[in-house]
Amino acid sequence: SCKEGQMKRGQMRAFSLCGGDKCCPAVVVDSAHGQVRIGEEDNLVVLDKRAWNELVAKVHSGELTELR
């Protein structure tokens, strides 16, 4: 997705993974369907609620950190 920042529509939120003029993958949080889509149409990962919550927990605990 080439959209920048955050977009809200009902129970759906979309975030760009970078800013500026570049086209970047998006993270779309779809609460109504209990899933999160990461990527672009030809390269997409869909996480269910359990998998997304596990990913968030690993980030919060510090188990997953920035790449350096």
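How many disulfides does a search of the whole structure find?

Author: Just one turns up when the whole structure is searched, taking a disulfide as a pair of cysteine sulfur atoms within 2.5 Å. Before the details, keep in mind that this is a predicted model, where local features need pLDDT of at least 70 and side-chain atom pairs count only at pLDDT 80 or more, while totals for chains, interfaces and linings use all residues. Residues are numbered from 1 along each chain as its sequence is written, and side-chain values use heavy atoms, with hydrogens and water left out.

The partners are Cys18 and Cys24, with 1.4 Å from S to S. The link of Cys18 and Cys24 is right-handed, at 55° about the S-S bond.

Now for Asp30, which sits in strand 3 (residues 26-30). Helices (H or I, at least four residues) and strands (E, at least two) are DSSP runs, numbered from the N terminus. Asp30 counts as buried because its relative accessibility is 5%. Leaving aside residues up to four places away in sequence, Asp30 touches Gln11, Met12, Gln35 and Arg37, a contact being heavy atoms within 4.5 Å.

And the confidence? The protein chain has a mean pLDDT of 86, with 79% of its residues at 70 or more; pLDDT is the predictor's confidence in each residue, from 0 to 100. Strand 1 (residues 6-9) is lowest, at a mean of 56, and helix 1 (residues 49-61) is highest, at 98.

Methods: Buried means under 20% relative accessible area, exposed over 50%, partly exposed in between (1.4 Å probe, protein chains only).
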